[in-house]
Amino acid sequence: MTSTGAVSHMALALAEARAAAARGEVPVGAVVVSPTGEVLAVAGNRTLELRDPTAHAETLAIRGACAAIGSERLIGCDLYVTLEPCPMCAAAISFARLRRLYYGASDPKGGGIEQGARVFSQPTCHHVPEIYPGIAEVEAASLLKTFFAERREL
């Protein structure tokens, strides 16, 4: 994948994050891309809207991509997400057998990749994708900081 492709797919994820923020959700967006570069699914957080604690952008995008290709495995597919996935999402990424994970901002408090649980480093993890952190990191972090700063003012 070229860096231009990574940036354009992350731009879609950032658009989903902005849409999530507009709905009052934590601004996280995700995109699943096929091995040929086709966008299979896009999603933003919907935990409040769906009243579902598992409705993170990553899980919704993974579900959508699995439905699109008719398989529980996303072999050869890539995931772009604006925030380092939490442990739950990291497990879903492993179970889906995604090829690559590109993410924007690190999450020192709730991340599960390079922070916290480090799911892919555990001996019980059956599949580890290639990991590319820091894609559009400044914009992704800015969306989150602005969102939470506005909430504190309310």
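Just after helix H4, Arg97 takes a positive phi of about 65°. That's a handy place to begin looking around this model, which is predicted. Arg97 is also one of the contacts of Leu74, and Leu74 belongs to the largest nonpolar core, a set of 44 residues.

**The nonpolar core**

- As a bit of background, nonpolar side chains in soluble globular proteins tend to be buried together.
- In this model, the largest nonpolar core has 44 residues, and the ones touching the most other members are Val32, Ile62, Leu74, Leu98, Leu101 and Phe120.
- Which elements give two or more residues to this core? On the helix side they include H1 (3-22), H3 (57-69), H4 (87-96) and H5 (137-153), and on the strand side they include S1 (29-33), S2 (39-44), S3 (78-83) and S4 (100-105).
- H3 gives the largest share of the core, with six residues.
- Take Leu74 and skip its neighbours within four places in sequence: its contacts then include Val32, Ile62, Ala65, Cys66 and Ile69.

**How H3 and H4 pack**

- The axes of H3 and H4 come within 9 Å and cross at roughly 20°.
- Angles under 35 degrees count as roughly parallel, so H3 and H4 are roughly parallel to each other.
- H3 passes H4 in a left-handed crossing.
- On the H3 side, the contact is made by Glu58, Thr59 and Ile62.
- On the H4 side, Met88, Cys89, Ala92, Ile93 and Ala96 make the contact.
- Sort the residues in this contact by class and you get six nonpolar, one polar and one charged.

**The buried residues of H4**

- Which residues of H4 are buried? They are Cys89, Ala90, Ala92, Ile93, Ser94 and Ala96.
- What do the buried residues of H4 pack against? Their partners are H3, S3 and S4.

- Most residues other than glycine have a negative phi, so the next two are worth a look.
- Arg51 has a phi near 55°, a positive value in a residue other than glycine. You'll find Arg51 in the loop between helix H2 (47-50) and H3.
- Is Arg51 buried or exposed? Arg51 has a relative accessible area of 73%, so it counts as exposed.
- Arg118 isn't a glycine either, yet it has a positive phi of about 45°. Its place is in the loop between S4 and S5.
- Arg118 is partly exposed, with a relative accessible area of 41%.

- Ser121 sits in the loop between S4 and strand S5 (130-132), and with a relative accessible area of 55% it is exposed.
- Ser121 and Val28 are 93 residues apart along the chain, and their C-alpha atoms are separated by 24 Å.
- Val7 lies in helix H1 and is exposed, with a relative accessible area of 54%.
- From Val7 to Ala90, the gap is 83 residues in sequence and 21 Å in space, C-alpha to C-alpha.

Methods. Residues numbered from 1 in each chain as written. Predicted model: local features only at pLDDT ≥ 70, side-chain atom pairs only at ≥ 80, totals over all residues. Heavy atoms only, no water. Core = buried A, V, L, I, M, F, W, Y, C linked by side-chain atoms within 4.5 Å. Buried < 20%, exposed > 50% of the residue type's maximum accessible area, 1.4 Å probe, protein only. Helix = DSSP H or I, 4+ residues; strand = E, 2+ residues; numbered from the N terminus. Contact = heavy atoms within 4.5 Å. Axes fitted to C-alpha atoms, helices over the stretch in contact; angles between N-to-C directions. Parallel < 35°, antiparallel > 145°, perpendicular 65-115°, else oblique. Left-handed = near helix turned anticlockwise from the far one by under 90°. Nonpolar A, V, L, I, M, F, W, Y, C, P; charged D, E, K, R; others polar.
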